[in-house]
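Subject: Structure for you to look at

Hello,

Here is the structure I said I would pass on. Please open it first and then read the notes below.

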Amino acid sequence: MTEKADLQSVLDRAAEGGRITPEEALDLYRDAPLHALGAAADAVRRRRYAGTEHIATYIIERNINYTNVCVTACKFCAFYAPPKDTAKGWTRDLDDILRRCAETVELGGTQIMFQGGHHPDYGVEYYEKHFKAIKDAFPQLVIHSLGASEVEHMARISGVSVEEAIQRIHAAGLDSFAGAGAELLPERPRKAIAPLKESGERWLEIMETAHNLGVESTSTMLMGTGETNAERIEHLRMIREVQDRTGGFRAFIPYLYQPMNNHLKGRTQATIFEYLRMIAISRLFMDNIAHIQGSWLTTGQDAGQLTLHYGADDLGSIMLEENVVSAAGAKHRSNLQEMIDMIRTAGRVPAQRSTTYEHLVVHDDPANDPVDARVVSHISSTAIEGGTAHPELKILASN
Ligand code: SF4
């Protein structure tokens, strides 16, 4: 373990932008004073974004959950239904999905996140068909969706290589991968919570293949299912190593496990202090990843604001629809004005961003804030109360 004086010198080196080893990251994560860790991470963020360091970003997007039927049965998941449970399982048809896309466009959303279970019948063809239909109808929507686990699954169902699967869904309209399914990459905690998922090494191998094929992604980490501090840092090391080779991870997004309605029920959650330490160490250790996102959806708004002072530069999204982490207990919601206020009262200028982090609208004058109260995150499936301005669009049933 690093001595106290040495810990300070490691922290100083990290704050100045020097690379730290996994061992040093673990020592800082465990032992550095919380505020000193946050200040060092904030210094790194300010240097990286010199000139725009006063800005923090958000995006308006919609999660579209196309099915909850899944053969993978992850123990932390409160969303899925096994194929034999026909009472609980559901799928959405293409018209329904397109209506949800139309609502997203109408509410100023720029991105959709197609997210669902590993359906036993959904191969590459299913995603090709749906992505093509979405892009044909709404070319302005960015499809930032899926992850290595879905690619592994669809390639197996269709009997093709993951390279072919990635190339085909990219050609059909997928713009980038959302980094879903990373959970925890080290073997022990991954087997404990997602024993039927591909290994962490395989998850990274598929993301590396995608990056090499020109499809970038974000990366994520699920915190709080019983993993050790060393395993958390190992997760970061595994991602940083791939990033050194590809540069294809645009962002890193740690988020908190939600403990309700799943097979791990009763496990302890990570605390907000652990979460803030993780945001800070991510900024310090992942010196090759541009964006660190604070997950207000799983921590609540107050902790979300704090992440902006611990190295995060982005607060993720106003999710016009979310059914996955909310099924496991996350009930935090926000609307557009609240998101703007959340960032502004944390001392930053809010900016709506694109999927690739360009600033679309900078809210530098409260007098010009947007006023569309319909832009609100929903835990159910209905995005527009009372229907949309498009008469052909029916109100969606909440389920
Ligand atoms: S996390 Fe994804 S893969 Fe795992 S059970 Fe839930 S829906 Fe299936």
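What covers the buried residues of helix 14? Before the answer, some background. This is a predicted model, in which local features need a pLDDT of at least 70 and side-chain atom pairs count only at pLDDT 80 or more, while totals for chains, interfaces and linings use all residues. Residues are numbered from 1 along each chain as its sequence is written.

Now helix 14, residues 336-344. Helices (DSSP runs of H or I, at least four residues) and strands (runs of E, at least two) are numbered from the N terminus. In helix 14, L336, M339, I340, M342 and I343 are buried. A residue is buried if 20 or more other C-beta atoms, placed from the backbone, lie within 10 Å of its own, exposed if 12 or fewer, and partly exposed in between. These five cover an arc of only 160° around the axis, so they are on the same side of helix 14. The arc is that of the directions from the helix axis to the C-beta atoms. An α-helix has 3.6 residues a turn, so residues three or four places apart point the same way. The cover over the buried residues includes strand 1, helix 13 (301-307), strand 8 (314-319) and strand 9 (349-353).

For the whole protein, there are 14 helices and 10 strands, and 51% of the 399 residues are buried. The average pLDDT (the predictor's confidence in each residue, from 0 to 100) is 89, and 88% of the residues score at least 70. Over residues 379-399 the pLDDT is below 50.

An unreviewed UniProt entry lists F76 and E183 under "binding site"; such annotations may be inferred rather than shown by experiment. The two span 108 residues in sequence, yet their C-alpha atoms are not more than 9.7 Å apart, so they gather at one spot.

F76 is in the loop between strand 1 (55-65) and helix 4 (94-106). F76 counts as buried because it has 23 C-beta neighbours inside 10 Å. Leaving aside neighbours within four places in sequence, F76 is in contact (C-beta atoms, placed from the backbone, within 7 Å) with I193, L222, T225, Y257, N262 and L264.

E183 is in the loop between strand 4 (176-177) and helix 8 (187-193). E183 also counts as buried, because it has 24 such neighbours inside 10 Å. With neighbours within four places again left aside, its contacts are R190, I193, A194 and L222.

Regards

Note on methods
Two residues are in contact if their C-beta atoms, placed from the backbone, lie within 7 Å.
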